[in-house]
Amino acid sequence: MRKLKNPFRRHKTRADPVTLWLNGTDARDILCPEGYTPLSKNEEIRRCVFKIADLVSNMTIMLMENGKNGDIRLKNELSKKIDIYPNNNMTRKNFIHKLVTDMILTGNAVAYPQVKNGLIDNLKILNADSLHFDEVGDSYQIRYRGTPYYPDEVLHFVLNPDDDYPFKGQGYTQLIKETVMNLLQANVTKKGFLKSKWKPSMIIAINSDAEELQDPEKRSKILGSYTKTTEIGEPWLIPAGEIDVKTIQPLTLNDLAIQDSITLDLKVIAAAIGVPGFMVGVGAFNKEEYNNFISTTIMSIAMILQQELSKKLLFSPTTYFKFNPKSLMQYNLTEQVQFVKELVGGGMLNRNEGRAEFDYPPVDKPGMNDYIVLENYVPVEKVGDQKKLKGGDTGAE
């Protein structure tokens, strides 16, 4: 575990209470018009955000150390703390899920490290709606419910830095706000159309006084005299010339092009956030598109997390945190088997490491931890002893 030389400070300076209230949820509920829905509560937005947050939070967080022959993974109390229980009230998955959700929706996510006996005891997530950022000289200050913090006191994860104030993020709000407004209006129109009663599938013209048709009971009685005595599927028997029945084709959502508009807006929102359309119900699954999504959108957000964790929580210049994306990639099983066999046969993996790629436990047998190469599977250290490499017969001495 990392011992902290200077425990994180807490300042007691309080901000103007009126300013805090105006920036809070209570003021928004009172001042905003009826029917107002924050961007963070929009169903389509949250669907995209939760897809990203779910995938990022599924990745293992590894503590790595620079080595002479390559970086190696460290397994100690610090790596266990960050990867298993960074927050005392949440698992790693829920902790990362919340951070990623705040980053995408607001552009900023902040966690306050709580220290106990010089060691990291808890990473407390600060409510994103209560965060305010102020420029202070060449730096900035974070105010949270009246208490100011400096950047070196908290973990501040920034997504899409603001053009004028790069120390704070802006998320995807500006990119998708107009599209969301169009989508909301389309949904309102769709609901109103589906609830409308002006979509009769049949019109019946009968010889009757207008006054009788204006009375709901008399109108029901007239209709029932023709329909209630008829079994399902049995034709009506009506006097010729007294009643005229016509069927009509009501308008549909396709006629109004509402559904096409909704589909287009969903694609725009998904593209702006970086989510493949098939993950929000538009289009069919595509493996190449999914893997590209993992390599770009998911890993870009993971990079923000791992760099901030490494910068603020680690003293050693040779260690860093790293997310593992391999578990998220989509592989064909046959392709994966062939890939592992080639790595084992080429001496890049031993057989137990190859088994680990399929989550099989290691086997404690001779040769399972040896690195072997070429078709006759000799140990790496004996590659130069093969006769065929010296112009002689095949095989190893």
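**Salt bridges in close-up**

**View 1. Asp83 and Arg92 are both buried.** Here, buried means under 20% relative accessible area, exposed over 50%, and partly exposed in between, with a 1.4 Å probe and protein chains only. The two side chains join in a salt bridge, with N and O 2.5 Å apart. The term salt bridge stands for a side-chain nitrogen of Lys or Arg within 4 Å of a carboxyl oxygen of Asp or Glu. Please keep in mind that this is a predicted model, in which local features need pLDDT of at least 70, side-chain atom pairs count only at pLDDT 80 or more, and totals for chains, interfaces and linings use all residues. Residues are numbered from 1 along each chain as its sequence is written, and side-chain values use heavy atoms, leaving out hydrogens and water.

**View 2. Lys93 and Asp54 form a salt bridge.** The closest N and O atoms of this pair are 2.8 Å apart. Lys93 belongs to helix H5 (residues 92–106) and Asp54 to helix H3 (residues 43–58), so the pair ties together parts that are 39 residues apart in sequence. Helices (H or I, at least four residues) are DSSP runs, numbered from the N terminus. Lys93 is partly exposed at 28% relative accessible area, and Asp54 is partly exposed too, at 32%.

**View 3. Lys98 pairs with Asp102 in a salt bridge.** Their closest N and O atoms are 3.2 Å apart. Both residues sit in helix H5, four residues apart, or about one turn of the helix. Lys98 is partly exposed at 36% relative accessibility, whereas Asp102, at 6%, is buried.

**The whole structure.** A search of the whole structure finds seven salt bridges.

Terms used: Helix = DSSP H or I, 4+ residues; strand = E, 2+ residues; numbered from the N terminus.
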